[in-house]
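Please keep the sequence and the 3D view at hand while reading.

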Amino acid sequence: MTIRVALEHRTSYSFAEPVQVYPHTIRLRPAPHSRTPIPSYSLRVEPANHFINWQQDPFGNWLARVVFPEKVERLEITVDLLADMTVINPFDFFVEDWATTFPFVLPEQLRADLAPYLHPIGDDGGTTAPEVVAWLEDQLPDLLSGPADAAPGRGTPIVDFVVGLNRAIRGSVDYTVRLEAGVQTPARTLQRGIGSCRDSAWLLVAALRHLGLAARFVSGYLVQLTADLGAVGDGADGPAEDFTDLHAWAEVYIPGAGWVGLDATSGLLCGEGHIPLSATPHPASAAPITGSTGPVEVSFDFANSVTRLAEDPRVTRPLDATQWARVDELGEAVDALLAKGDVRLTMAGAPTFVAAGGTSDPQWHTAADGEEKQALAMALAVRLSRSGTLRHHGPGRGRPGVPLPGWQITLADRADGLPLWHDPTLLDSPWGVGRLDSGSPEAADAARDLATGIARRLGVDPATPAVEHRDGHLFVVLPALEDLEAAIELVAAIEAAAAELGQPVVLEGHPLPDDDRVRTTSVTPEPGVITVGVAPTASWHELVEQTESIHEHARQIHLASEKFDLNGSHTPTGGGNHLTLGGATPADSPLLRRPDLLRSLLTYWQHHPALSYLFSGRFIGPSSPAPRVDEGRPDALHELEIAFAQMDHLLAREPVEEHGAEPWLADRLLRHLLTDVTGNSHRSELCIDALFAPGPEQGRLGLLEMRGLEMPPHPRMALLQALLVRSLVARFWAEPYSGPLVRWGTRLHDRYLLPAFVAADLRDVIEDVNRYLESAGAGRIDPAWFDSFLEFRFPRLGDTLVGGVELELRTALEPWPVLGEAGPTGPARTVDSSVEKLQVRAVGLVEGRHVVTCNGVPVPMAPVAEHGWGGPVGSKGSTGAFVGGVRYRARTSPSALHPTIGVHAPLVFDLVDRWSGRSLGGFTHHVTHPGGVSYDSYPVNAAAAESRRAARFVTDGHTGGPIDVAALPDPLTGLGPAVTDFPVTLDLRRFPGTDGGTGDS
């Protein structure tokens, strides 16, 4: 998710008359140790009549020595550079064992090497200023978690210590812009309590050196970009607009880690926005420009600017303002088409959320309940409540193997806007702090008085209302009622009695009766997530308002719609975001009125695998919770074609326009075909359980549930999903879709689990939909709107340029097969998730010369036509791209297919030159951190996750020495005869010896 920026820094001196300008030294070129990639750099000096020599100072910094042979009237120095603002994790480093705690002792040789950076800073040049010493004595008790003279390994963790010291400087010195030349002494900075960035940096250097830590002064550029999302709560929003300027900070030497940047102005470690220009023992050696002129009057000016040139699609900003305006406009136009066709479509959903900032607790992985989940669900329910909302706590859905059902919070509102409940302070939380001891006489009196008050208002016996005091709260159990008016009367009596008593209540028992005059929203715990069951919406405007409101309410209480693995993998919540299509009533449902609409959707989804795999979760394939219709029983397509033929026959005999379709038709024809391999009709990509099922009325609602859709990380991505579905419904209502079903065979999982083929298929879908939309005068879908989906589903792991060939690595998809039972099992089944798949992409291959190999085996490469998405930052695809898949064992597992095969990581990719018989270069992909860093916490956001992924991609480690090109194995052969089932995928499991035993799993 790189953002490429152009930085321009101009410094100009205008002289009153022509003057001799003596040689100048310019230190405005990014230093060799800059971690921010700089694709291009330019230094322009005017006047043009000058001589320039690039040099390196004793500390390895670049400097330009410029000589002017003639007098000049104006001197202008302009730096223009491009920087890739790829996220950098400033904590991604290794520390030597003997230096993990402070204090530590430097080995004699290392101390000698670092001597210039250990020299004390004081007024006399030989000892630290007493003001700095006194300040440290005051601060150290708060910074040290162990004795100041602790033995090695028993002191304060070194990272915690330097971070704390950096923050202490920030807390003691306020920031100001100081235009005077030079740097204040550390003593002066402490006395004033205010200073520029260079003053704070020099004070930090002085403090670090006094403590025996080598430190240096750094001048450089600071680039700050506006955040895509505002801060939640009291957090700072950051800059209001993109910004750059010269800046200064310190670097401390930590053995093993090297030089670590500390920005005392912000109190943070240095990241991708810190571009070092010069790092030296003293600020005088790091001045950006030094030199002199003859005596003359001079005016000085400078300017800094940063401009975004290219941005990778990213989930925090999937669409810019212009794009969203076009999406919104198209949404209204599609609504007009639906209204014109009298489709009467409603859409509901079930967005899912997890705790933001780390999801290590089981309640955010597999457990259905937990204390944090209860607290966040309650907070979300309160925020979603409107004026007049009734909040009910009832039993949730039962689960196989779980003896008791869970819980569910239901929010009920009257459709006419009148309140069901007037005073929200009279609604209690069952998980809050109890107001009374439930075993006390006061609690018994409160329960009795509440029941009496309710009964008096209803004119019934006081024993009738079910009221009890438990866990410190008053509970009222609602009875099962079929009449809404009776239920409203009961609720009014409960509220009036609670108000008279002055005690809030928890409403539980049966919910209000199903009635079109009441709209409900539910908040329910599911394994690993909180699910919000939203009320159906009848228009695009309603859907937008509902979706954005729910997501923003969730964000404000630190609920997120995305998760991150320890290694930085960015994933959906895991709980789905199913869309439900139907009508305001079953009689209005377009799926019951026009069964051919369901046939169109089924056929179109089967024809376009991108619709199944781009918007799904990580668990795909035959054993997933929502398999495609052609991933189930082997004869599914044959039987489905028979069902479609029957549908055509019956509808032709009694045209829908004349008599309307029989509501049971689609269910009877398709119920037994839209299932998984076990016959479970709920586990289907397009589920018709609630269409018109035999049995209770709850199964005859005219609904189609699109269960293959997973939770996207941004509300506008969810709305894009919905817009695409709405556009397809409008199109199929006007132009029913049919055609022979495609026998994809192994091509389905060979090609369409690779990002390039999914992207190409998605473009076909959008072009097809656009033909209809444009013919109807509604506008068109821009394929670029879906780039964020492609980037989220298939993140780029890295790219490099080798011998004129562009190589890129992306995540691909891999099904998780169900394993055989081993002993007693419950309702769950074990799957094998130890195998993963990647896509390698190459542009510029020369036929007959270049071969891309992985762990010594050629990767089968297929040509793809790219238009738009794909490639490194700033690219718009390529017409000469080739892609191939690599399936490999990523980690060991106690239960897996082929358990004797070891881990194949690290994966070494080479661009082999057949002509020279050598590798021209390549890259290495690691499953875990190549330096052995073991993360003990989950990434807190997408940026932190990206930095972990980037650390696993290394542009070195290619195979050295001569390569016997003739002996390279056929990637489609492996263990035996040629394999044609997966012609675009190299399966390393078929090549013994390509694994490394347990590898770096």
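## Two cis peptide bonds

Pro 47 is found in the loop between β3 (40-46) and β4 (51-56), where helices (H or I, at least four residues) and strands (E, at least two) are DSSP runs, numbered from the N terminus. The peptide bond that leads from Glu 46 to Pro 47 is cis, and its omega is near 15 degrees.

The model is predicted, so local features need pLDDT of at least 70 and side-chain atom pairs count only at pLDDT 80 or more, while totals for chains, interfaces and linings use all residues. Residues are numbered from 1 along each chain as its sequence is written, and side-chain values use heavy atoms, with hydrogens and water left out.

## Positive phi in one loop

Most residues other than glycine have a negative phi, and most peptide bonds are trans. Asp 342, which is not a glycine, has a positive phi near 55 degrees, and this residue lies in the loop between α7 (321-340) and β18 (346-349). Arg 344 lies in the loop between α7 and β18 as well, and its phi is also positive, at about 60 degrees, although Arg 344 is not a glycine.

How exposed is Asp 342? Its relative accessibility is 36%, so Asp 342 counts as partly exposed, a class that falls between buried (under 20% relative accessible area) and exposed (over 50%), using a 1.4 Å probe and protein chains only. Arg 344, with a relative accessible area of 37%, is partly exposed.

Helix α13 (residues 595-607) and helix α18 (residues 715-734) have axes that come within 10 Å and cross at roughly 120 degrees; axes are lines fitted to C-alpha atoms, for helices over the stretch in contact, and angles run from 0 to 180 degrees between N-to-C directions. The two helices are therefore oblique to each other, the class left over once angles under 35 degrees count as roughly parallel, over 145 as roughly antiparallel and 65 to 115 as roughly perpendicular.

Contact between them (heavy atoms within 4.5 Å) involves, among others, Leu 597, Leu 601 and Tyr 604 in α13, and Val 725, Leu 728 and Trp 733 in α18. The ring of Trp 733 also has the charged end of Arg 594 over it, 4.5 Å from the ring centre; a charge sits over a ring if NZ of Lys or CZ of Arg is within 6 Å of the ring centre and within 35 degrees of the ring normal.

## Aromatic pairs

Rings of Phe, Tyr and Trp (its six-membered ring) pair if their centres lie within 6.5 Å; planes under 30 degrees apart count as stacked, over 60 as edge-to-face and the rest as tilted. By this rule the count comes to 22 aromatic pairs. One of them joins Phe 615 and Phe 789, edge-to-face, at 5.0 Å centre to centre and with 85 degrees between the planes. Phe 615 lies in the loop between α14 (610-613) and α15 (636-653) and Phe 789 in helix α21 (residues 787-793), so this pair ties together parts 174 residues apart in sequence. Both Phe 615 and Phe 789 are buried.

The ring centres of Phe 909 and Phe 923 are 4.8 Å apart and their planes stand at 25 degrees, so this pair is stacked. Both Phe 909 and Phe 923 are buried.
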